[in-house]
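Please read them alongside the model shown here.

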Amino acid sequence: MELVEARDSVWNDNRLLRLLAEHPGSNHTVLRAVLDAVAAKLDEGERPYAAALALADRLELEADEVKRLGTLRGASARLRRLLTHRLDSRV
């Protein structure tokens with residue numbers, strides 16, 4: 001599923017992913033698409049860290065799904081630590 005067709009810049013793409021992950025109207029289908037897009041970007045070596053962390057706050061997604069982002073090529077030690085902290089802090 002393509003979230004948007006037009007590509008502007010990596011920064012704008014990552015910002016869009018973060019905004020979609022944070023938006024209260026984003027349902028499970030949208031969040032899964034964002035999760036897949038963030039995973040693809042991380043696997044390519046990009047750093048959509050804000051979107052990854054926003055996904056960690058979403059209870060609609062399983063913690064294991066989001067934690068997997070920390071194992072991808074673009075994930076830093078700091079991202080892994082922050083993901084773990086946010087997932088452990090879920091209510």
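1. The buried residues of α3 pack against α1 (10-22), α2 (28-43), α4 (63-67) and α5 (77-88). Here helices are DSSP runs of H or I with at least four residues, numbered from the N terminus, and buried means under 20% relative accessible area, exposed over 50% and partly exposed in between, with a 1.4 Å probe and protein chains only.

2. This is a predicted model, in which local features need pLDDT of at least 70, side-chain atom pairs count only at pLDDT 80 or more, and totals for chains, interfaces and linings use all residues. Residues are numbered from 1 along each chain as its sequence is written, and side-chain values use heavy atoms, with hydrogens and water left out.

3. The buried positions are A51, A52, L53, A54, L55 and A56.

4. S26 belongs to the loop between α1 and α2 and is buried, its relative accessible area being 7%. Leaving aside neighbours within four places in sequence, S26 is in contact (heavy atoms within 4.5 Å) with L20, L31, R58 and E60. With L20, a polar atom of the S26 side chain lies 2.6 Å from the backbone oxygen.

5. S76 is located in the loop between α4 and α5. S76 is partly exposed, at a relative accessible area of 24%. A distance of 9.1 Å separates the C-alpha atoms of S76 and Y49, which are 27 residues apart along the chain.

Conventions. Helix = DSSP H or I, 4+ residues; strand = E, 2+ residues; numbered from the N terminus. Polar contact = N/O pair within 3.5 Å; in protein donor to acceptor, adjacent residues only side chain to side chain.
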